[in-house]
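This briefing is meant to be read alongside the sequence and the structure shown below.

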Amino acid sequence: MTVKPFFYDITLRDANQALATPWNKEQKEVVFKQLLKLGVQGIEVGFPAASEMDFESCRNLAELANKLGSQVVISALARAKDSDIKKAWQAVKVAPKPRIHVFLAMSPLSMKHVLQMEPMAVRTQAVEAVAFAKSLVGEKGNIEFSPEHFGDCVENFDFVLESLKQIVEAGATTINLPNTVERYRPMIYVDMVRKVAEALPKNITVSVHCHNDLGMATAATVESYFAGASQMECALNGLGERSGNTNMYEVAVALHNSGVEMDLNLGEIYETAILTSKWAKVPIYAKAPLIGIEVVSHRSGIHQDGASKTKNMKKGAYRPIDYSLIGRHENDVLTFTSQSGKTAVYEILNHNGYPVELDEATELQPILKEISEREGELPDSRILEVFREKCCNLNGRVIFHTIDVIPGENRFVFKFHKDGVHCEESISAEGPIEAALLLSRKIGLPVELNSYNQSVVSDADKLWAGRALSEISLSVNGKTVIGRGVSSDTLVANMRAVFGGINKLYG
Ligand code: KIV
Ligand code: ZN
């Protein structure tokens, strides 16, 4: 395929109709603006015949697209009946690129039991509806047609194909092939898509629209691209009826990883996902591909080892992408459980400002493992606690425990271990960082401060989110290091950074 995928978003229509509280005009506008940021090429803004509220919402978004001079296709859904089609056109006609999306079921089951119509009558209705829609849109807009339940049309495929040819002659330029209910293996659907793409004129866009009833909508959509479909109908966060529609992020990343070029701002994906979950009031499940909170976590020792060894590489041993691709600022998060190894200990201690060596981490790992068998996953604070308790006899190392600020006296009392010996020192200084620097000189490990920065770890970083991150540049004898410390207490973060830096310089 050389054609770039055309991302056609159906969140405001297919997903919205499945929400417990469908969005109103204002809410739809917020989602719409996010879709523009994401850079999709088409947006199905709603089903105007469904309600006056949806009609108004669609019209509002078409007007907004017009005001912004947006070149995104603005589409409205309509059943194959004149009143729906008129309503859809009324709603979207002011958009720079309007579209009417007409649909009618063509599966044997639906025609017989739902529509209760003969196949030929269904074909005639579809052709006439498309011709009518075309007569309204003229050259300004275009028509998409969907044979609903296309995925169920294995037995009457020839009938459907012939109908689609006539529908194209009547004026449809996009033929969308819905797998309205996912029942079979993806390749059955993909093969049917291929046959349609081969049979229709080359200027017709073949589109795919998959529901995720068996969890394979992404697979069916991605493979359909390579079978000749170029319009991908997807929803944000995979929202939609039942188990949802095809998840846009998964399709985009799978195509990107397969070398397909596209005009989507992939870097907006993660933020879009978080916002969509909030707006739709549908939580992102922890293991959701790409966007779930858990999907960057590594807990087993073997995976942690591989993740650590490839952490700065674009392609990680146990990660599908460098998550910065989708705007997620965390890649490999290592946490400690009874399944974890020395690498997790090493990474966690270093991240918290204790520059231990792998040998030291190896010694601590079985102790932590035993504790974790009783206590479950260990938070960093617990690992640091055990580290201080067990490793305070490490020679040549200063282990910071506490700092007490004596109010009104500009005095700071430090408790720490040095060379395995417990120490307590009282220092007078203007502030705690100055006090720590004075202490470093007093205990024979002098360091000079070059710069200091404190920030808050972003929400995207699950493990340390919201905590203070101190980064302090220290030097001695021409050698410079950065000490880093994280804590929910800014003072403790500062001290971890200073003592981490001292250990890096002298340890
Ligand atoms: O799933 C479906 O069949 C649909 C059609 C209206 C396109 O959403
Ligand atoms: Zn659908």
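Contact here means that heavy atoms lie within 4.5 Å. With that cut-off, and leaving aside neighbours within four places in sequence, T310 is in contact with K315, G316, A317 and R319. The model is a predicted one, and the points below are grouped by topic.

**The zinc site**

- The zinc ion (ligand 2) is coordinated by D14 through OD and by H209 and H211 through NE2, at 2.0 to 2.1 Å.
- Along the chain, the donors of this zinc ion follow the spacing D-x194-H-x1-H.
- Distant parts of the chain are linked in this way, since D14 belongs to helix α1 (residues 11-15) while H211 sits in the loop between β7 (205-210) and α9 (217-226), 197 residues apart.
- D14 and H211 are both buried.

**Helices α6 and α7**

- Helix α6 (residues 119-137) packs with helix α7 (residues 157-169) at an angle of about 25°, and their axes are 9 Å apart.
- Because angles under 35 degrees count as roughly parallel, this angle makes α6 roughly parallel to α7.
- The crossing in which α6 passes α7 is right-handed.
- On the α6 side the contact involves P119, M120, R123, A126, V127 and V130, which meet F159, E162, S163, Q166 and I167 of α7.
- Sorted by class, this contact of α6 with α7 has seven nonpolar, two polar and two charged residues.

**Helices α12 and α13**

- The axes of α12 and helix α13 (residues 342-351) come within 8 Å of each other and cross at roughly 50°.
- α12 and α13 are therefore oblique to each other.
- Q304, D305 and S308 of α12 make the contact with T343, A344 and E347 of α13.
- By class, the residues in the contact of α12 with α13 are one nonpolar, three polar and two charged.

**T310, in a loop**

- T310 is placed in the loop between α12 (301-309) and β10 (333-334).
- Buried means under 20% relative accessible area, so T310, at 13% relative accessibility, counts as buried.

**S224, in a helix**

- S224 is found in helix α9, the helix that spans residues 217-226.
- With a relative accessible area of 0%, S224 is buried.
- When residues up to four places away in sequence are not counted, S224 touches Y189, V190, V193, V208 and A229.

**F7, in a strand**

- F7 lies in strand β1, which runs over residues 6-9.
- F7 counts as buried because its relative accessibility is 0%.
- Although F7 and V251 are 244 residues apart along the chain, their C-alpha atoms are separated by 9.6 Å.
- V251 is also one of the residues in contact with F7 once neighbours within four places in sequence are left aside.

Definitions and conventions
Residues are numbered from 1 along each chain as its sequence is written. Chains are lettered from A and ligands numbered from 1 in the order in which they are written. This is a predicted model: local features need pLDDT of at least 70, side-chain atom pairs count only at pLDDT 80 or more; totals for chains, interfaces and linings use all residues. Side-chain values use heavy atoms; hydrogens and water are left out. Axes are lines fitted to C-alpha atoms, for helices over the stretch in contact, and angles run from 0 to 180 degrees between N-to-C directions. Helices (H or I, at least four residues) and strands (E, at least two) are DSSP runs, numbered from the N terminus. Angles under 35 degrees count as roughly parallel, over 145 as roughly antiparallel, 65 to 115 as roughly perpendicular and the rest as oblique. A crossing is left-handed if the near helix is turned anticlockwise from the far one by less than a right angle, and right-handed if clockwise. Ala, Val, Leu, Ile, Met, Phe, Trp, Tyr, Cys and Pro count as nonpolar, Asp, Glu, Lys and Arg as charged, and the others, Gly among them, as polar. Donors are N, O and S atoms within 2.8 Å of the metal (3.2 Å for Na, K and Ca); water is not among the atoms, so sites may look incomplete. Buried means under 20% relative accessible area, exposed over 50%, partly exposed in between (1.4 Å probe, protein chains only).
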